[in-house]
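Biologist: I am new to this one and would like to go through it step by step. Please show it first.

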Amino acid sequence: MAQHPSWRRIDGPVSVPTMPELPEVETVRRMLEASVIGRTIERVRLSGLRLRGVPHAPGLAAALRARTITTLRRHGKYLLIDLSGGHTIVSHLGMSGRWLFFPGPGSKRLDHVHVRLEFADGSRLWFQDPRRFGMFRLVPSDKLHEDPSLALLGPDPIADPPTGRGLAARARGLSVRAKLFLLDQRRIAGIGNIYASEILHRARVHPARPAGSIRPAEWTRIARETRAVLAEAIERMGTTFSTYRTLSNEPGSYGDQLRVYDRAGEPCRRCAAPVRRIVQGQRSTFYCAACQPLRATRRRRD
DNA sequence: ATCCTATCCTGTAGGC
DNA sequence: TGCCTACAGGATAGGA
């Protein structure tokens, strides 16, 4: 995959696109990797507000201080920031979380910043999250597998690309609907509401199909489109809606590629039938009734 | 096993 | 122009 220019080291204030699903978190990971590896935390300021309804652990600031960032990893939508001394920051962007990196010293007035890390050279890394659905926790690195949020996660589809055979095996006998199957982080980690609709549209599988009724050839398409959609979205630095943009940071451009998401009533890009919106699990699903029949039909080519 | 609802939150868009 | 309300959704707990 071609190295995107924005993944190089950044010289201006940096933040990253949302809405955060796997491709957006991977974009964050790559951008931070280019900026913060090897930096040592000198000062820590916390907002004191709860994230995801949970207060910061006592001693969090002290535990972060004097630690050096060694590695940035990702599993699904979780970003893992390894520190010297054997601890790892487990972070999740929730709905509105953002990481911001400022290469130089200075002060900036900004609302909803919950964690401010200042490095020895004056550069700064901030975690901002207006809606506070996000997560920022420090966990012993050797206990990550016991972490309640991480322990149950399914395979990451980038590290461990799904196959039709594998998905079909996991879906055998299940009545859960296709869209909710893809959304369930215990089955596959990283697919959110936008990409679930996109994957099923490209795979031509109706979102309300019971997972156990989906045929092997259809699972093969779902697996292939999962890999393709995620790879293309990462290439384009994710999906960004118009509200989000910063000075030196391009927004993700995958939004231009969306075929059904948020396009209710607009023509399907494949067959021009109007895109439909339904609600599954209290959230919107978008699909094309013509391209994604509710009943499996015989097709010329799969 | 699965479904449903509620919870946590604020910014945005729509109606009037 | 401003006020009000509905809506957006990731993870998770609890009840059916």
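Modeller: Rings of Phe, Tyr and Trp (its six-membered ring) pair if their centres lie within 6.5 Å; planes under 30 degrees apart count as stacked, over 60 as edge-to-face and the rest as tilted. This is a predicted model, in which local features need pLDDT of at least 70, side-chain atom pairs count only at pLDDT 80 or more, and totals for chains, interfaces and linings use all residues. Residues are numbered from 1 along each chain as its sequence is written, chains are lettered from A and ligands numbered from 1 in the order in which they are written, and side-chain values use heavy atoms, with hydrogens and water left out.

Biologist: How many aromatic pairs does a search of the whole structure find?

Modeller: The search covers the whole structure, and the number of aromatic pairs is six.
The rings of F102 and W126 have centres 4.8 Å apart and planes at 65°, so this pair is edge-to-face. F102 is in strand β5 (residues 98-102) and W126 in strand β7 (residues 124-128), so the pair ties together parts 24 residues apart in sequence. Strands here are DSSP runs (E, at least two residues), and helices likewise (H or I, at least four), numbered from the N terminus. The count asked for is six aromatic pairs.

Biologist: Is F102 buried or exposed?

Modeller: Buried means under 20% relative accessible area, exposed over 50%, and partly exposed in between (1.4 Å probe, protein chains only). The relative accessibility of F102 is 5%, so F102 counts as buried.

Biologist: Which side chain makes a polar contact with the side chain of T285?

Modeller: T285 is in strand β10 (residues 283-287), and at 1% relative accessibility T285 counts as buried. A polar contact is a pair of N or O atoms within 3.5 Å; within protein, one must be able to donate a hydrogen and the other to accept it, and residues adjacent in sequence count only if both atoms are side-chain atoms. At 2.7 Å, the partner of T285 is K179.

Biologist: Which side chain has an N or O atom 2.7 Å from a base oxygen of DNA strand B?

Modeller: A residue is near the strand if one of its heavy atoms lies within 4 Å of it. The closest residues are H112, P130, R131, L174 and R187. R187 has a side-chain N or O atom 3.1 Å from a phosphate oxygen, whereas the base oxygen is 2.7 Å from the side chain of R131.
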